Each structure stands twice: as structure tokens, then as C-alpha cells.
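Work through the exercises below with the sequence and the model at hand. Each task is followed by a solution in steps.

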Amino acid sequence: MNNKRRQGAPMDMFLKVHMPGPVCLIENAKGQLRPNQKALEILSAITQPVVVVAIVGLYRTGKSYLMNKLAGKKSGFALGSTVQAHTKGIWMWCVPHPHKKDHTLVLLDTEGLGDVEKGDNQNDCWIFALAILLSSTFVYNSMGPINQQAMDQLHYVTELTDRIRSRASPDQEDEVEDSAEFVSFFPDFVWSLRDMTLKLEVNGVRVTADEYLENSLKLKEGTCKEVEKYNLPRLCIRKFFPKKKCFIFYPPTEWKKLSLLESLQENEIDSDFLQQVAEFCLYIFKHCKAKTLPGGIPVNGPRLESLVLTYVDSICSGDLPCIENAVLALAKIENSAAVQRAIAHYDQQMNQRVQLPTETLQELLDLHRASEREAIEIFLRTSFKDEDHAFQKELGSQLEERWDDFCKRNLEASSNRCQALIQNIFKPLEEGVKQGTYSKPGGYGLFVQETQRLKKEYYGQPKKGIQAEEVLQTYLQSKEAVSNAILQTDQSLTEKEKEIEVERKRAESALAAAKLLEETQKKNEKLMEQKEKSYQEHMRQLTQKIENDRIQLKAEQERTLAIKLQEQKQLLQEGFREESRKLQEEMKNVEKRYKEKIDHMEAESSKTKVKIMEEMQRKYDQLMENKDRNHQEYVRQLIEKMDKDRAQQVAEQEKMMTRMLQERELHLKEEISEERRKHQKEIQNIEAKNREILLKMESAQAQSSENTIKMLKEMNEVNLKIMGQKEKAFEDYLKQLTEKMEADTERLMKEQEEILTNKLQEQEESFNEKLRKQNKKHEEEIRTIKMKKKNSDCSMM
């Protein structure tokens, strides 16, 4: 059978296509039982609950005819018309349930018991036991009235405790306890009496078929072997099968036509027989329950397939079929499938509901929590006997992996979307930069204006996701060098205006970085909170399931005890005080066993709660550690950012001071050069005058005029004196200018240092305020988590 049919085909269509007739479920070749693969594949595709009706009886008693009628067909299961048994092994026919549209009716026709060709009855015992184990309604088909011969033929019932085990490790106590445990999973019992010709009368009083059965199951008083032999099958039927039903069937036609029963028209068959068959079928359709396992676990096709394999393997290996082992083997398969089913549902729901990227992380969290809750519900609804919660832990691990993957995909989708938007929106700005649009006086203002307009356009775009701000800030930082270059080359701005603009940009960048850091902090906190809520959801549903299992076990105990009480009452009415006493002992054992089960379940529940609390404590400690680590990381980043900003401001302040001092030094040098030039010009003028005087003196000496020589000497002395005064005045000027420059430099440095100190103080105050707020928030979160944990611990107690 192909996978497509097994997974996706509607059940009704599947049955119409693949089961026009019965197939062998368990082959019986030379006394060796073997499952039929084709039949197992059919079962594996039935996802609905199954109502399993098995019929057992001596060969040549008309079992197959009744099963064909239940299937709604005249033919199908082979009808034997000779003294040889036709049906070998166990045959199966799956049909849509006529009265329960969400159920499938599985009919099991067994080979006839007591076939002389088999040689021994071992094979019959196993066929009988398998029919009991696999069915939810067990039909025993016999010929004629219920008498001792009919009871002797039911010796298979008395051997059930030797063929079936309820538990893997039974207590070393009275084996009667096993019969009490069998009640919880044994099928309903229907006895069909074929070719009945006697009147249904007891002591001359007309009775119903059910009353006839109850009267036939009454015990005899006495202790001899004959009485015990008489009572044993009756006692076993009463104990093993609390719900019993009887149908009688008149002969359908004259004996010569019995071999042609399948081909006879209805007008050739006795009308009373047809009415009796119709009543039998109606009862099966209306009253027969779906197959369940101990604990009320419903059985579908794959689970029935697993039971067939487990039981037949046990028989073939020489072991006794064990209900507990079969359930545990099935639990492993089912729980693994339940994990995959839950994960598939989570994937389906998330893929349908989530449109990446989500606008906020909270949006993704809400969708995840809803899908996760449904996945856990599906797992707990379809899983059972996950004793150490290994499969639920596996589910939690896989759900966490899926969640991490969705977070990663959400980040990638958001980044890709935002980068594409930025590339498209900011393309005109980058083209303008390349073309030199902003490399002119006033260009920087145009650049800033255009940048703000494009940022507004970017913010207005929908479906950017949680990376919107980070991607934008990364892009703007990458263009900071371009922005600074445009600012420095804009000749329409003064140096002071450029400094103010640089300061504004720095403040804006710091604000954006702080906002981004805060958003990252909130995102990490939400992710940690999600892990805590996810764990709590697992524990909430698991605790509820444990409580439901306990209630179900208690109800099962009450049902079993009610059955035993009814049987005890009937025994007392019949006067069998010894049997009643034994039943009373059995009831005490039942109560003891169920009390042990409930105590064990409560102990396991307590252990589970302890484990839950330990796990919650571990998660709590981990959460606290993560929160502290996250808080410390946030503080570290804040300190690192403050140190970086402080270092950058100090470096820029030093750079600005150096530039100002260089400008002042250059200005001073130019002033000194100008004064020197003037001074040299004056000296040159004086020297020229002196040379002129010297020439006159030489000329006067030639004329020997003492007065003239005297006058010229005096003039020369005056010029030399003036020159000395000029030199002294120039030196004093240089000294004053140098002192003034040093005083201005010192004053300027003090002013800049005071400005820088004030800025650093403001930054530190801002940082301390952020730190106080963060610490306060952190402490509130810690208090909230502690309160949640306290409430959770109280609810677990």
C-alpha cells in the first residue's frame, strides 16, 4: 500500500477500494501462527476507533454466515458446506460502521474449534485467546441448547489464566486476582445458540434468551469433582465476562438446503430466523463498544495492528501474551508518533498563521504560544504511559528548536526586507552625493533635510519587522563619513555652526544607540519569559493529565467493584456462601490492588511534582542567572558606551584645542612678523639718515667747520639713541604679546576643560539615571518572577 493512500485517503473510500471482501489477518499454517502483511497494512491506514467483533465456535456451526450479515453482504467469509473446516487462522473484514460514522467495524472470523484434523487443541486455545485479546465483543457460536456438553466445549475459558497475563511481573498471590484484572479489558460476551428447537422455559415458565443464559450459568452446590467440573466454566464466564448477552436462532431451512444457505433467496429462508439475525445485527451495531486498552485508551487501526504483532510474537516465541507488555510496546510507538503529530501540527499552524517578518516580537510570541499549547494538547491527548515523561521532554526540545528557528527566520526576513527598503528609498540621496549635489554652500542643510525626509518615508513603510531600527542605524552610521565631509566643505557655515552640528549629530547618534540597546534588552527579556511560560504550559497540562488518569483509574476501580458486588449478591441469592466468601476475598484483593495502583500513581504524581518543582527551580535559577547576566551585560554596554563617548569627547576637545592654539600661534607669528617688518623699516630709515649725516660730516670735515661737525655728531647720537629705544620698545612688545598669548591659552584651556567637565558630568548623570531605572526594573522583574514561582509552588502543593 502506498503512503499516499495510508496517510491521506478518506476512510470510506479506502474501504471501498481495498476491502471488497475479507482477508486473512493471522495465518495458521501447520499449527504456526503468522500475521498477514496485507491485512496489517489495511489496519495501519484506519485512523478511526475500531469496534472489533470476533466470533468463535466449533467448526461447521455457521459462524461465517453471521459475520457476512454484519458486513451487510450475502457472501464474503467462506461458508463451510462439508465436514472439513474451511476457515484457517483468523480472517478480517473492515467495513464502515453502520451506526457510528466516525468508527470502523472490524469483523474477525476464526477457524472452527475442535477440528479432528489438527490432532490437539493447543492451536484452538491460542485462536480462542487471540479472539479474546483482540475483540471488544466476543461472540461464542454453538449448536443447540446450553447443556453440560456445550459447557464442556467451553473449556478454553477455564484455561485463559494459563494463556494470558495481565501484568509483566504478577505478584505471588492467588491467581484469582488475575480474573479480576481481566474484567477491565475483556470483551463483552455474546452467546449465539444455533438451530435451537427447544422452548425457552425454566420450570415451566417462559423466559427470555438472556434469562435462559443466566439460569444456565447458575452453579451447583457441593464439593465433589463432578460439581467442581460443572461449576468451573460457568464460574469463569461469570467472572471474566461481566456483560453477557444471548441470542437464539431457529434452523434457517431444512437440513438438505443448509449447504446452499449463501445462495438461497430470503423467501426460501425461515422468516423467524431472518428476524433473529436482524435483531442480532442490530444489537451488535447499537450496543457493542469500541475496543479499548486498560486505562480507557481507545484503539484504532494502527494500535490494533501493534497488538496483533505483539501477541503473535509472544506466542511464537513461547511466551504468554501479556497485556501490560503489549500496552508498553504500543505506548513507545504511539508516543513517538504523538510527538511527530504534535510537531507537525505546530509547523502547520505556524506556517499558516505567521507572515514573516512579524511587526513585533510579541506578535510572533503570541502565535507561537497558541500553536505550542495546541501541540502539547495533541500530544497529551494521543499519548499514554509516558512514565518518565521522556517523550514529552523530547516534544519540548523539538518545540524549542522550532521556536528558535522561527526567531532566526524572522530576524533574517526583517533584515532582508529593511535592507531592500533602504536600498530603494535612499538611492536618490546616494546618487546626489555622487553627482556633487551637496558639495556647495548650503549643501549640508539640503543633505540633512533630504535624509530626514527619506527616514520618514522609511518609517512609514509597513511589515519591516523587529530589525527596522537596527538596520537603519547601521546604514546611517555607514554614511557618517560622507555626512561629515559634506559638513566640513560647506562654506556657508561658520566653524561654530559646524561644531554645533557635530554635537547635535553626536547626541542624536547616542540617543539612537541607547534606544537600540534598550530594545535589545526588552527582546532578550521577552525571549527568556517565553521559555518560562513554555515550561509552565507543559507542566500545567501534564499535571491535569495526571489528575485525569487518577480519576479514570478510580472510576475503573468502582466499575470493577460494582461488577463484583453484583456477582456476590447473585451468589448469595443462589446460596453459594463459600463462593461468595471467595468473591469477597477477591474484592478485598481488588480494592487492595487498586489502592496500590492509586497510591503508586499518587506517589508517581508526587515524584513528578517534585521533579517539576526541581525542574522549575532549575529553570528559575537559570532565568535569574540569565536575567543577571543580561542586566550586567546591559550595564557593561552602558559603561562601555559612556567611556567611549567620554574618550571621543576628550579627543575631540583636545583636537579642537590644538586647532585653536595653532590658529592663535599662527596669528601671533603673523603679528610679530608685521611688527618686525615695521621695526626693520624704521631701523633702515634711521640708518639711512645716519649714513646721510656721516656723509655730511665727512663733507664738513673737508670744509673744517667745527660747528657743522658738532651738530652732525649730536644728530648721530640722537639717532642711535632713538634706535636703541626702538629696539627696547620692540622687545617689550614681543614680551607683552607672548605673555598675553600664554594667558589667553591658559584661560581658553580652563574654559574648555570646564565645558568638557560639565558635559561629562551631564553624561554621567544621564548614565546613572538610566542605570537606576534599569536596576529598579531588574529588581521589579526579580520580585515578579519570585512571586510567580511562589504561586506556582503553592499550586503544586
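**Exercise 1.** State how many salt bridges this predicted model has, and describe the one between E334 and R303.

Solution. The count comes to 11 salt bridges. In one of them, the side chains of E334 and R303 meet with N and O 2.8 Å apart. E334 belongs to helix α14 and R303 to helix α13 (residues 301-316), so this pair ties together parts 31 residues apart in sequence. Next, compare each accessibility with the cut-off for buried, which is under 20%. E334 has a relative accessible area of 7%, so E334 is buried. R303, at 6%, also counts as buried.

**Exercise 2.** Find the salt bridges that R453 forms with E450 and with E457.

Solution. R453 and E450 meet at 2.8 Å, N to O. Both lie in helix α18 (residues 443-459), three residues apart, about one turn of the helix. For E457 and R453, the closest N and O atoms are 3.9 Å apart. These two are four residues apart in α18, again about one helical turn. Buried means under 20% and exposed over 50%. E450 at 18% is therefore buried, R453 at 45% is partly exposed, and E457 at 33% is partly exposed.

**Exercise 3.** Determine how helix α14 (residues 323-353) runs relative to helix α15 (residues 361-382).

Solution. The two axes come within 8 Å and cross at roughly 155°. Angles over 145 degrees count as roughly antiparallel, so α14 is roughly antiparallel to α15. The crossing is right-handed. The contact residues divide into 11 nonpolar, six polar and five charged.

Notes:
Residues numbered from 1 in each chain as written. Predicted model: local features only at pLDDT ≥ 70, side-chain atom pairs only at ≥ 80, totals over all residues. Heavy atoms only, no water. Axes fitted to C-alpha atoms, helices over the stretch in contact; angles between N-to-C directions. Parallel < 35°, antiparallel > 145°, perpendicular 65-115°, else oblique. Left-handed = near helix turned anticlockwise from the far one by under 90°. Nonpolar A, V, L, I, M, F, W, Y, C, P; charged D, E, K, R; others polar. Salt bridge = Lys/Arg side-chain N within 4 Å of Asp/Glu carboxyl O. Buried < 20%, exposed > 50% of the residue type's maximum accessible area, 1.4 Å probe, protein only.
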